[in-house]
Amino acid sequence: MAQQFKAVGGGDFAQPLFQSGQENGSGYIRLAGFTSTGAPITASVTTNLAVRGRVETRTNPASNPQLIYTKYTEPINNLGVPGIRMSDIETRGFGNVASTGGTLLAPTPIFNSYFERITPAGSDQTYLERVAASNPTFFTSWLGNNDVLGFATAGAAASFLTPVADFTDKNNKLINALTANGAKGLVATIPDVTSIPFFTTVGPTFKATLLAANVPGIVVTTGAFSSTPGTPATRKSIATADIKGADGNGRQLFTLTSSPYVALFGRPNNGKAWRDVYNQARASLPPVVSLGVFLAIQGVDTTKAFGASVENPFPSTLVLDDVEQVAVRTATTAFNNALTAKANEKGLAIFDANASLSRIVTTGIVSDAVNNTAAFISGNLFSLDGVHFTPRATPLSPTR
């Protein structure tokens, strides 16, 4: 779109790209090969990064500090910020590294390294203020995905679904700011994230393995982990037949991140999944909560058969169950209603990304004589994280 606008005098579309020698930015994962069973082998690319330092926050303590990246302070037109939620757009300190205070005891800021990269040093400018100051002549807006995505990809064990009233209020402010001087634009809806490869890849294979071994069912925890001694994490028994399979039957979804752990099913004396969960959660836990204390609070005994017993269930971070999916889809529908209503009020174009992804999942979409699908890797459209689009999919979706 920017290239077409430029052809009729629209000027350059400036993006905050990383400089030569730092072109790998924050790093990424690459496909390194396949196992004998056809499973992908991935590797992290950690060269030519644009990391300028590290900062301690409450959610990223000194043991695992948050990376900050090479500043880009030139004027830009692309204000897309990875990881931003609609709920973040009025947050002070969102792009101010000094707001972290350098201590876990400071008030907890919501901080985003990518917004910090394009924010003047020391500025407390909010994302909404930055957008308002951009004074666009035309815009595309695809905010709101992360207001459901983080909650869903964490198996509903972390993050949260933005309250609909808060989402609606902030979306209204955003669109009002973008159209304040008469700009036209396009608003995109939020896809049903439960249909992306992150949720549809592992479950079918695991289900087939369980059926072949005549395993009737598994045990998982559901929802957030417990923080109250004596009140362990909630258990849920799932019938093998209720895991969503390759034929589309079944409801329970396994995350792509569950792949290393499903192979451990049924093994006693195996606590790898729970150790990894603890290491991920420890930043938000009091210092006195050791691994042993954490497991005791959850009611987990890792000497028992993993995933096959109530004592050693699958952690909820690895499963998005049917009830959690309803919550995700309900929020998605409400958010899309808010996005659509405001776009119609302002006379803006609407790209229904939800319907587009649904069509891709059902029938695929042809580009350059190739039928692209929502399958992991072979479908061409989704990257190795099972969430974000590949360059091939970019022409099929709106820019930000």
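Modeller: Gladly. This is a predicted model, in which local features need pLDDT of at least 70 and side-chain atom pairs count only at pLDDT 80 or more, while totals for chains, interfaces and linings use all residues. Residues are numbered from 1 along each chain as its sequence is written, and side-chain values use heavy atoms, leaving out hydrogens and water.

Biologist: At what angle do helix α4 and helix α11 pack, and how far apart are their axes?

Modeller: The angle between α4 (residues 146-153) and α11 (residues 322-346) is about 175°, and their axes are 10 Å apart. Axes here are lines fitted to C-alpha atoms, for helices over the stretch in contact, with angles from 0 to 180 degrees between N-to-C directions. Helices are DSSP runs of H or I with at least four residues, strands are runs of E with at least two, and both are numbered from the N terminus.

Biologist: Why is α4 called roughly antiparallel to α11?

Modeller: The cut-offs are under 35 degrees for roughly parallel, over 145 for roughly antiparallel, 65 to 115 for roughly perpendicular, and oblique for the rest. The angle is about 175°, so α4 is roughly antiparallel to α11.

Biologist: Which residues make that contact?

Modeller: From α4 come D147, V148, F151 and A152, and from α11 come V328, A331, T332 and F335. Contact means heavy atoms within 4.5 Å. These residues divide into six nonpolar, one polar and one charged. In that scheme Ala, Val, Leu, Ile, Met, Phe, Trp, Tyr, Cys and Pro are nonpolar, Asp, Glu, Lys and Arg are charged, and the others, Gly among them, are polar.

Biologist: What makes Q252 count as buried or exposed?

Modeller: Buried means under 20% relative accessible area, exposed over 50%, and partly exposed in between (1.4 Å probe, protein chains only). Q252 has 1% relative accessibility, so Q252 counts as buried. Q252 lies in the loop between β8 (235-239) and β9 (253-254).

Biologist: What polar contact does the side chain of Q252 make?

Modeller: The partner is the side chain of D242, at 2.7 Å. A polar contact is a pair of N or O atoms within 3.5 Å; within protein, one must be able to donate a hydrogen and the other to accept it, and residues adjacent in sequence count only if both atoms are side-chain atoms. Beyond its neighbours within four places in sequence, Q252 is in contact with several residues, including K236, I238 and L320.

Biologist: What phi does S159 take, and where does S159 lie?

Modeller: S159 has a positive phi of about 60° although it is not a glycine. S159 lies in the loop between α4 and α5 (164-178). Most residues other than glycine have a negative phi. With a relative accessible area of 44%, S159 is partly exposed.
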